[in-house]
Amino acid sequence: MAHGESTIPLRMLLFCFHGANTIIVSFLPLYLQAEGLSGTEIGWVMAIGPLAAIFSQPYWGYMSDKHQTVKKILMLCLIGVLVSSFFFLQMNALSLLLPLAAVFFFFSSPVGALSDSLAQRRADQLGVSFGSIRTWGSIGFATSSLVVGEVLARTGIQYIVWPYLIVAAAAFIVSTRIVDVKVETPPIQLKDVGLLLKTKPYVIFLLLIMFITISHRTNDSFIGIYIASLGGSEDMVGFAWFAGVTSEAIVFATAGWWFRKYHPLVFIIGAAMLFSLRWYVYGLVEDPLWIVSLQFLHGFTFGVFYVTAFYYITRLIPAMLQGTGHLIFASVFIGVSGIIGSLAGGWVIDHLGGSTLYLLMGGLTTIGVVLLIIYHGLRTRRS
């Protein structure tokens, strides 16, 4: 296999895993609602995933760096995903959903971050943009959201487990063909992880982006329910995700063209501003078609934010701690932010409604924009 061709299995892994992940992100809240859970209870189930991610992502990142392999860790996690999802996605009692969710997310949460970490390393190795590889995850997400949305609209949301198992099994199969990146640094020790906590710009940056990532993760958990509350159906939810992630794929695919024109913090702040505007508009509209039509903004918010933030933290952390640093970033992005967004969002949508939820998200993101501008100014002055 040629050096450049070795990215094909990695691209297919991203396509399949994110194709499976869209079923969780887009349709799990609707499945739980159909099973009789309230918004607050759905928030608890969705918060288990981020809680598990806080522990599982740094753990698997550390194991990846320690044993100097991403491939074997990915394969192990995907086996756990297949087994646990079979039970998790067929339960309807909260007492069973919570522990099964913890097991499922313990294995599934690190897969995306490890795949992205491997993609970043392969991109650096081959001299290509990270986005050109990562875009295949977005294409998989978009394709699955459209196809699975239509399937579930016809068959019923209760059959969510079967499309998930099919796509997740495909992810495992292609994971056996990916190529590990050779690591030149010696295996890390647990004490080395403390170096990350001493990297103040990295730690401060993670804290500041939470104002944006909390709102993003809240939207992930409740946009389907919000669209349904405005009169939308499962296939409309699927199309909303398709439209959003298609724009994300375009942003990732063209990253090599636009990405290095300015400092990454400029793009991060710009994306955060657009995030804030997006949430304000979502909170004010009353027709679900407006949500769908404005979903193209997802690419210019999450797509730009994620690519540039991932690249920025890569510059901040030591090379030997790339895997661990990337997964701690993912723990903040998905874990801590997801817990806060799911629990608080579930309470707000139950007691104050979806419109108020999105207006509050807009306000939170606005605070994040101001703090990131200050952070960028201080970093620029010191450099």
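Which residues form a nonpolar patch on the surface? I looked this up to start my notes. Ile79, Val83, Phe86, Phe87, Tyr159 and Trp162 do, with about 580 Å² of accessible area together. Patch members need over 30% relative accessible area and no salt bridge; nonpolar side chains (Val, Leu, Ile, Met, Phe, Trp, Tyr) are joined within 5 Å, like charges within 9 Å. The areas come from the Shrake-Rupley method with a 1.4 Å probe, and for residues only the protein chains shown count as cover.

Ground rules, before I go on. This is a predicted model, where local features need pLDDT of at least 70 and side-chain atom pairs count only at pLDDT 80 or more, while totals for chains, interfaces and linings use all residues. Residues are numbered from 1 along each chain as its sequence is written, and side-chain values use heavy atoms, with hydrogens and water left out.

Back to the patch. Helix α3 (residues 71-88) gives the largest share, 4 residues, and Val83 is found in α3. Helices (H or I, at least four residues) are DSSP runs, numbered from the N terminus.

Next I checked how α3 sits against helix α6 (residues 161-175). Their axes come within 10 Å and cross at roughly 160°. That makes α3 roughly antiparallel to α6 (angles over 145 degrees). Axes are lines fitted to C-alpha atoms, for helices over the stretch in contact, and angles run from 0 to 180 degrees between N-to-C directions.

Just after α5, Gly156 takes a positive phi of about 115°.

Last stop, salt bridges (a side-chain nitrogen of Lys or Arg within 4 Å of a carboxyl oxygen of Asp or Glu). I found 4 in the structure. In one of them Arg134 pairs with Asp116, the closest N and O atoms being 3.0 Å apart. Arg134 lies in α5 and Asp116 in helix α4 (residues 94-126), so the pair ties together parts 18 residues apart in sequence.

Conventions. Helix = DSSP H or I, 4+ residues; strand = E, 2+ residues; numbered from the N terminus. Parallel < 35°, antiparallel > 145°, perpendicular 65-115°, else oblique.
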